[in-house]
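Here is a short tour of a protein model, written to be read with the structure open beside it.

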Amino acid sequence: MKLVIHGKNIEITDAIREYVHQKLEKATSHYLNVTNEIDVHLSVARNPRINEKQIAEVTVYANGTVIRAEEGSETLYASIDLVADKIARKLRKYKEKRLDKKTQTKTIEVVEQQPVTPDLIGDRTPELPGEVVRTKYFAMPPMTIDEALEQLQLVDHDFYMFCNAETGEINVIYERNHGGYGVIQPRRNNGHTGHKNGKTAQNTPVSEKTQAK
């Protein structure tokens, strides 16, 4: 298993490296057959208004699946403990889903792209960020909406971008604030989405998630 540790505003000492290795080795000990690489990003926030200054982010690459978790606290070692426990739970859930062949369904909403008002910004001058803070690259194999939802639940984000296996287009699945999930799809010049017969897919079955924000 390959373990890579990065640091931001912090020196990665031998003691920290050994502690990370020990905790993640224990967290992934039952899943070594599916774990290819673990990427760890440790950082310290310099903003005094942020209580959880010590951040530990872990990304596990498991046979083409990305499993991510992030935790923060007032101490780095506590953050490492928290994120290791969270990764262990996600790996267990990932393995259980692979073994469980039962399919649960849930209705999601497909949100169509709306026309953009030409004078959206008025007389204002658009401003772009002066600095790119972080750039990420990842593989995007075609997948179904069900598979994209599973990935969303594993990466610990509010949204997940994927290549729709049915249409070959880039879609975004996201968690709605009042519960459930939505899918954003591009609208073609003819006003149709990429679904067959030019119809927008409604009531698409995906895996169930009952917890809502």
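## A buried glutamine

Let's begin with a single side chain: is Gln 151 buried or exposed? Gln 151 has a relative accessibility of 7%, and because buried means under 20%, Gln 151 counts as buried in this predicted model. This glutamine lies in helix H3. Leaving aside residues up to four places away in sequence, Gln 151 touches Thr 65, Val 66, Met 143 and Tyr 160.

Nine of the eleven residues of H3 are buried, so the helix is mostly covered. Among the buried residues are Ile 145, Ala 148, Leu 149 and Leu 152, and the list also includes Glu 150 and Gln 153.

## The chain as a whole

Stepping back, the protein chain holds three helices and ten strands. Followed along the sequence, these elements give the pattern β-α-β-β-β-α-β-β-α-β-β-β-β.

The chain has 213 residues, and 36% of them count as buried. Of its contacts with a separation of 6 or more, 53% are between residues 24 or more positions apart.

## Helix H2 and its surroundings

Helix H2 covers residues 76-99, which makes 24 residues. From its first C-alpha to its last, H2 reaches 35 Å, close to the expected 34 Å.

Which residues of H2 are buried? They are Leu 76, Ser 79, Ile 80, Val 83, Ala 84, Lys 86, Ile 87, Ala 88, Lys 90, Leu 91 and Tyr 94. A helix rule is handy when reading such a list: an α-helix has 3.6 residues a turn, so residues three or four places apart point the same way. The cover over the buried residues of H2 includes helices H1 (14-27) and H3 (145-155), along with strands S2 (37-44), S3 (54-62) and S4 (65-73).

## How the helices meet

Start with H1 and H2. Their axes come within 9 Å and cross at roughly 25°. Angles under 35 degrees count as roughly parallel, and H1 and H2 are therefore roughly parallel to each other. Their crossing is right-handed. On the H1 side, the residues that meet H2 are Ala 15, Ile 16, Tyr 19, Val 20, Lys 23, Leu 24 and Ala 27. Their partners in H2 are Leu 76, Tyr 77, Ile 80, Asp 81, Ala 84, Ala 88 and Leu 91.

Now turn to H2 and H3, whose axes come within 10 Å and cross at roughly 160°. An angle over 145 degrees counts as roughly antiparallel, so H2 and H3 are roughly antiparallel to each other. H2 passes H3 in a right-handed crossing. This contact is made by Lys 90, Lys 93, Tyr 94, Lys 97 and Arg 98 of H2, together with Glu 150, Gln 153 and Leu 154 of H3.

## How confident is the prediction?

The protein chain averages a pLDDT of 76, with 68% of the residues scoring at least 70. Where is confidence highest, and where is it lowest? The highest mean, 94, belongs to H1, while the lowest, 42, belongs to strand S10 (residues 204-206).

Please read residues 196-213 with that in mind: the pLDDT over this stretch is below 50. In the model, these residues have 46 contacts beyond near neighbours in sequence.

Key:
Residues numbered from 1 in each chain as written. Predicted model: local features only at pLDDT ≥ 70, side-chain atom pairs only at ≥ 80, totals over all residues. Heavy atoms only, no water. Helix = DSSP H or I, 4+ residues; strand = E, 2+ residues; numbered from the N terminus. Expected span 1.5 Å × (residues − 1). Buried < 20%, exposed > 50% of the residue type's maximum accessible area, 1.4 Å probe, protein only. Contact = heavy atoms within 4.5 Å. pLDDT = per-residue confidence, 0-100. Axes fitted to C-alpha atoms, helices over the stretch in contact; angles between N-to-C directions. Parallel < 35°, antiparallel > 145°, perpendicular 65-115°, else oblique. Left-handed = near helix turned anticlockwise from the far one by under 90°.
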